[in-house]
Amino acid sequence: MAGLEGIEQPGRHGGATTARWSPAVPDEEALRALELWGNPAECEVWFTSRPRSAARARRVAQMVVLHQWGLSENLTEDTVLLVSELVGNAVRHTGARNFGLRMARRRGWLRVEVRDPSRALPCRMPVGEWDVSGRGLFLVDKLADRWGVDLLARGKTTWFEMRVADR
């Protein structure tokens, strides 16, 4: 589950009360990540391609969307899930040592970009009901209002945008 690495899950240990991730509670690791690596809403933040970095990218995205921009928990959860999918694709399928995360908000929209040094284009695969992988871009296509890939001189940026209800 996205963002739950290192947190005990219910039912794994006999009757013990376990911690659960809640988007409404600021995450200490996410706060530290923002301090250490920067805020992707202000500049592109680079992470090494490791599972722990993917978890940090999700937590940083959660902090920006929910706590900095003050958007809904549902939108935050969808954004974190899609960040997880794009980062997972960059880490698993490109062989990249690093990936960049950038986030932007403008009137009525939020945009998330994941950049990697590979020019190989991602492709949306048909998925069956019982498939255990290959759903990344399927989820991006279903949850995002728009998504795409921009080829760069060295690499690419895969992005998605979601509508935001302005207050």
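**Exercise 1.** What percentage of the 167 residues in the protein chain do buried residues make up?

*Solution.* Start with what you're looking at: this is a predicted model, where local features need pLDDT of at least 70, side-chain atom pairs count only at pLDDT 80 or more, and totals for chains, interfaces and linings use all residues. Residues are numbered from 1 along each chain as its sequence is written, and side-chain values use heavy atoms, leaving out hydrogens and water. Next, buried means under 20% relative accessible area (1.4 Å probe, protein chains only). With that cut-off, buried residues make up 43% of the chain.

**Exercise 2.** Work out how covered helix α2 is, and how far it reaches.

*Solution.* Helices here are DSSP runs of H or I, at least four residues, numbered from the N terminus. Helix α2 spans residues 51-68. Of its 18 residues, 14 are buried, so call it mostly covered. From first C-alpha to last, α2 reaches 25 Å, close to the expected 26 Å (1.5 Å times one less than the number of residues).

**Exercise 3.** Decide how α2 and α3 are oriented relative to each other.

*Solution.* First, get the angle: α2 packs against α3 (residues 73-93) at about 150°, with the axes 9 Å apart. Axes are lines fitted to C-alpha atoms over the stretch in contact, and angles run from 0 to 180 degrees between N-to-C directions. Then compare with the cut-off: over 145 degrees counts as roughly antiparallel. The two helices are therefore roughly antiparallel.

Definitions and conventions
Angles under 35 degrees count as roughly parallel, over 145 as roughly antiparallel, 65 to 115 as roughly perpendicular and the rest as oblique. Buried means under 20% relative accessible area, exposed over 50%, partly exposed in between (1.4 Å probe, protein chains only).
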